[in-house]
Amino acid sequence: MKDETPGLGSAERFESVRAGRVRRTVPVVGFAARAAGGRVVAGLRSRAGDTEAVDRFHDRTAQRYANMLGHSKGVLMKAGQLLSTYDVDPDVGGPLATYQAALQRLQSDAPPMDFATAREVIESDLGRPVEEMFVEFSSEPIAAASIGQVHRARLADGRDVAVKVQYPGVARAIRDDLANTELLATFLKLGMSLTPRAMRTDQRSAAAEVAERIADELDYRHEARSIRRFADLYRGHPFIRVPDVIDSHSGDLVIAMTFLDGVGWAQARTADQELRNQWATAISYFGFGAYRHSNLFNADPHPGNYRFGEDGTVGFVDFGCVKQFPEWVRRGIVTMFRATCEGDRHELYRLMIDHGFVAADTDLSVDDAYQWWAMMASSVNTEQPHTFVPADSTGLVQSMFDDGPIGTAVRKMQIPSDYVMLARINLGINAILSELGATLDTREQLDCLDGLGTPTTPASRAHTAWASRRGLPFGLTPR
């Protein structure tokens, strides 16, 4: 579980979030109006010769934006955390990097609830004393987040487990926000207004998608079901590890799962490069294999949710944010990406119209549409093996500020709501691979996952053998 900032004790968390719908929405609307006016003034000053006016505007606005979200708590802070989970290179991302850096404050360590409160939640939810259920239970949490915290414990049969405990009252507080349909839509409109060249999207539909994912994180029984599904799917995988849920020790506010060994992100980033490449391979097969094997996506690609094994395996321990996409969405992404990698520009253009990225009467050219997709697929279409750098995760960001053909293409496209979380998954995974400085044969991996090439690396051979034993589909195989 990643570290985030609740900022208050458990009782205060609940009280600070609750407020009327109008009261919660008005500050966001007011901030949007002030930001829009400030952006116009900064542009006028820049044209008058003040070359730093726009930079000053973005620096000032980013800090105020982060402060507003931090003080808002509840769903606004969660939404801000979603925007801050991958690094943006300032040389590539321009102004958006300024906002991302400011929002990272929302990811700082969270003060945990005291053990007496955690004990009360566990015993009330499971109906038994802690000492009766566990032979050992650490009173100090090993991770604390905005919705709950995790303790290490041991069962009578000797198994080490991680026990995730939800803060009392936090679910009701955040659900009160989610019931305010205007709040998230206004928040997304504000975020898009700060980068006015961005790809268009239906803000209400996008807000509904984000709200659904946040609501899922509050439902521990839903998360337990997701863990079971992923554990069953990846059973016996050579380098992907998923915990098992301990049903007898899980409830509405508590999830107990087998403990996965491994180091955290800070240590992983300083490991030998060969080991980092193995971890990157596991992460990419876990993330991108979902397009081929299951339609089931872990929609929170944050390295704080991973445990890195010295044997090159990676354990995935947080499944609060999971999305199962319709088959036509999965197939659309696979076919569009495949057409891009094969240089089939007209087929790509046809698929973009079919899947709602551009209107049938658009004046976007076939070549400009292809250039945008080629930029997004650059790690696969370059010389192999490919070494990931920050530009691999910030191409979409860069396109928002590009004045050439790619920027023009972006402003004539839109993101269908079903694809909002897919963009976050892909950018998040690429950001992790670039942080690891990973060198991978990405084209060989793509061909392996699509079932169109012969596996040549040890990892691809092991993964293909595992998927074949399990009878799992590849590439375009219908689900």
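Strands β9 and β10 (residues 314–316) run antiparallel and are joined by three bridges; two strands count as paired if DSSP finds at least two bridges between them. Helices (H or I, at least four residues) and strands (E, at least two) are DSSP runs, numbered from the N terminus. Arginine 307 has glycine 315 in β10 as its bridge partner. The sheet is open, has three strands in the order β6-β10-β9, and its pairing is mixed. β6 (240–241) and β9 (306–308) are the edge strands, each with a single partner, so one side of each has no neighbour in the sheet.

Before going on, the ground rules. This is a predicted model: local features need pLDDT of at least 70, side-chain atom pairs count only at pLDDT 80 or more, and totals for chains, interfaces and linings use all residues. Residues are numbered from 1 along each chain as its sequence is written, and side-chain values use heavy atoms, with hydrogens and water left out.

Now the chain overall. The secondary structure comes to 24 helices and 14 strands. Of the 479 residues, 55% are buried, where buried means under 20% relative accessible area, exposed over 50%, and partly exposed in between (1.4 Å probe, protein chains only). Take contacts, meaning heavy atoms within 4.5 Å: among those between residues at least 6 apart in sequence, 73% join residues at least 24 apart.

Next, strand β3 (residues 148–154). Five of its seven residues are buried, so β3 is largely enclosed by the rest of the structure. Strand β1 (residues 136–137) pairs with β3 in the antiparallel sense over two bridges, and phenylalanine 137 has alanine 153 as its bridge partner there. Strand β2 (residues 143–144) is also antiparallel to β3, over two bridges, with alanine 144 partnered by glutamine 149. β2 and β3 make a hairpin with three residues between them. On to β4 (residues 160–166): seven bridges join this strand to β3, again antiparallel, and alanine 153 stands opposite valine 161. The β3 and β4 hairpin has five residues between the strands, and glycine 158 in it takes a positive phi near 95°.

Then helix α12 (residues 220–233). Its 14 residues should span 20 Å at 1.5 Å a residue, and the end C-alpha atoms are 20 Å apart, so the two agree; the expected span is 1.5 Å times one less than the number of residues. At the start of α12, a side-chain oxygen of aspartate 219 comes to within 3.2 Å of the backbone nitrogen of arginine 221. The buried residues of α12 include Tyr220, Ile227 and Phe230.

Which residues does leucine 233 touch, leaving out those up to four places away in sequence? They are Ser294, Trp466, Arg470 and Leu472. Leucine 233 lies in α12 and is buried, with a relative accessible area of 11%. Its C-alpha atom is separated by 8.7 Å from that of arginine 470, 237 residues apart along the chain.

Last, serine 294. This serine sits in the loop between α15 (290–293) and β8 (296–298) and is buried, at 17% relative accessible area. The side chain of serine 294 reaches the backbone nitrogen of leucine 296 at 3.0 Å.

Note on methods. Polar contact = N/O pair within 3.5 Å; in protein donor to acceptor, adjacent residues only side chain to side chain.
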